[in-house]
Amino acid sequence: MPPVVDPDNLYSEAGANLFSPATAGALSRIYVPNRRSNDVDVIDPVTHKIVDHFKVGFSPQHIVPSWDLKTLWVANNGHETKKGVDGSMTPIDPFTGKPGAAIPVEDPYNLYFTPDGKSAIVVAEMHKRLDFRDPHTMAFQMSLEAPDCNGINHADFSIDGSYAIFTCEFDGTLVKIDMVNRKVLGYLKLPLAKHGMPQDIRISPDGEVFYVADMHIGGVYVIDGKSFSFVSFIPTGPGAHGLYPSRDGTKLYVSNRGGGMVFAKPHGDGSVSVIDFATRKVIANWPIPGGGSPDMGNVSADGTHLWLSGRFDDVVYDIDTATGHVTQVDVGKEPHGLTVWPQPGRYSLGHTGNMR
């Protein structure tokens with residue numbers, strides 16, 4: 001793993017406009033996977049216009065920057081109740097914005113990368129396992145079973161990359177993975193709800209704790225990563241879902257999807273909460289005008305905009321991070337894990353841009 005430059009802020013190299021040379025010439029675009037229409041919309045962030053649109057595999061869930069920042073991978077989950085290889089990964093060339101040929105991959109709900117960049121980690125949610133694959137070809141390397149993690153889906157890595165914590169959506173649990181020896185270290189049941197539903201997870205800038213969004217109880221757990229224990233809980237809003245650090249590493253944006261169910265009606269009680277990392281307190285809350293369902297996305301390269309999919313409203317939200325003002329763009333059916341590209345950082349650990 002590339003060394004952390006600032007131990008007080010592991011996001012220091014993903015600060016505003018700190019681009020890697022690997023992204024030079026990449027188009028400035030928002031890539032939106034639409035889960036129910038099986039396609040991708042491409043938005044120009046300046047004009048808010050859709051400038052491209054193309055079909056991908058069945059049930060695209062997330063668009064993930066590769067570790068080396070040269071490819072954007074569309075994780076096409078396949079039929080969520082059907083076993084077998086009907087899932088796929090579609091590569092997008094970020095320099096042309098065009099897709100390549102899809103690669104058959106079993107159950108790719110989400111995608112991460114080992115901190116050294118030598119393996120892709122396909123999160124096979126239905127199978128309760130992690131599949132390690134070649135990060136360029138997606139050729140299979142090995143599997144790691146997590147049998148007590150029902151609904152394994154989101155992850156983040158320790159400050160030194162030695163372990164990762166994955167969330168288990170359907171049993172209110174976290175699982176800690178030894179990334180060096182590739183084995184399960186243990187499970188942690190989240191304590192505040194009988195039926196918790198942990199979603200996204202992000203590490204604090206100093207590497208001391210992890211923040212875990214819980215959709216059922218409407219807030220964010222604070223977890224000590226080293227001892228793997230509960231620290232505190234921060235209420236945010238109904239359906240707490242996605243977590244995105246600000247470019248200066250001082251704040252955490254929390255997308256509150258508006259309800260605690262997997263599927264919901266449009267125009268819910270959606271909002272974005274802003275947590276101050278230093279105090280672990282909510283310092284702002286921005287409701288979506290008219291209601292909405294902010295889900296997954298990321299922060300613009302300069303840190304002035306937060307782009308989120310409106311999962312059940314078939315829109316994308318462009319949120320001003322200074323004022324909370326919302327601009328909406330109509331897209332396809334059930335947009336999910338959109339990515340903003342290019343983003344600052346030396347490398348990507350996966351998801352919609354977990355940059356370091």
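**Entry 1: strand β2**

I began with strand β2 and found that D39, D41 and I43 point one way from it while V40, V42 and D44 point the other way, and that all are buried. I take buried as under 20% relative accessible area, exposed as over 50% and partly exposed as in between (1.4 Å probe, protein chains only). I take strands (E, at least two residues) and helices (H or I, at least four) as DSSP runs, numbered from the N terminus. In a regular strand, side chains alternate between the two faces of the sheet.

I noted that the model is a predicted one, in which local features need pLDDT of at least 70 and side-chain atom pairs count only at pLDDT 80 or more, while totals for chains, interfaces and linings use all residues. I number residues from 1 along each chain as its sequence is written, and side-chain values use heavy atoms, with hydrogens and water left out.

I then asked how many residues of β2 (residues 39–44) are buried. The count is 6 of the 6, so the strand is largely enclosed by the rest of the structure.

**Entry 2: the neighbours of β2**

I looked up the pairing next, where two strands pair if DSSP finds at least two bridges between them. Strand β1 (residues 29–34) pairs with β2 in the antiparallel sense, over 5 bridges. In this pairing, P33 stands opposite V40 of β2. The hairpin of β1 and β2 has 4 residues between the strands, and N38 takes a positive phi near 55° there.

Strand β3 (residues 49–55) is also antiparallel to β2, with 6 bridges. I found K49 of β3 to be the bridge partner of D44. The hairpin of β2 and β3 has 4 residues between the strands, and H48 takes a positive phi near 60° in it.

**Entry 3: aromatic rings**

I counted ring pairs among Phe, Tyr and Trp (its six-membered ring), with centres within 6.5 Å; planes under 30 degrees apart are stacked, over 60 edge-to-face and the rest tilted. The count comes to 8 aromatic pairs. One of them joins Y112 and F166 edge-to-face, at 6.0 Å centre to centre and 75° between the planes. This pair links distant parts of the chain, since Y112 lies in strand β9 (residues 110–113) and F166 in strand β14 (residues 163–168), 54 residues apart.

Are Y112 and F166 buried or exposed? Y112 counts as buried because its relative accessibility is 0%, and F166 is likewise buried with a relative accessible area of 0%. Ring pairs link Y112, F157 and F166 into a cluster.

I also checked for charges over rings (NZ of Lys or CZ of Arg within 6 Å of the ring centre and within 35 degrees of the ring normal). The charged end of K176 sits over the ring of Y163, 4.2 Å from its centre.

**Entry 4: backbone geometry**

I recorded a cis peptide bond from W341 to P342, with omega near 0°. P342 is in the segment after β29 (339–341).

R182 is not a glycine, yet has a positive phi of about 50°. R182 is in the loop between β15 (173–178) and β16 (183–189), and is partly exposed at a relative accessible area of 23%. R280 also takes a positive phi, near 60°, and is a residue other than glycine. The loop that holds R280 runs between β23 (271–276) and β24 (281–287), and R280 counts as partly exposed because its relative accessibility is 31%.

E334 is in the loop between β28 (326–330) and β29. At 3% relative accessibility, E334 counts as buried. The C-alpha atoms of E334 and S309 are separated by 8.4 Å, and the two residues are 25 apart along the chain.

**Entry 5: cavities and pockets**

I searched a 1 Å grid over the protein atoms alone: a cavity is a set of points where a 1.4 Å probe fits but cannot get out, a pocket is an open set with protein on both sides within 12 Å along at least five of seven lines, and lining residues have an atom within 4 Å of a point. Grid points are joined across faces, edges and corners, and a volume is the space filled by probe spheres set on the points.

The search of the whole structure finds 3 cavities of 30 Å³ or more. The largest cavity holds about 80 Å³ of space, and its lining includes Y11, R202, N298 and M355.

I then turned to the second largest pocket, which holds about 260 Å³ of space. Of its 16 lining residues, the closest to the centre are S28, P45, S300, A301 and D302. At least two lining residues come from each of β1, β26 (305–310) and β29.
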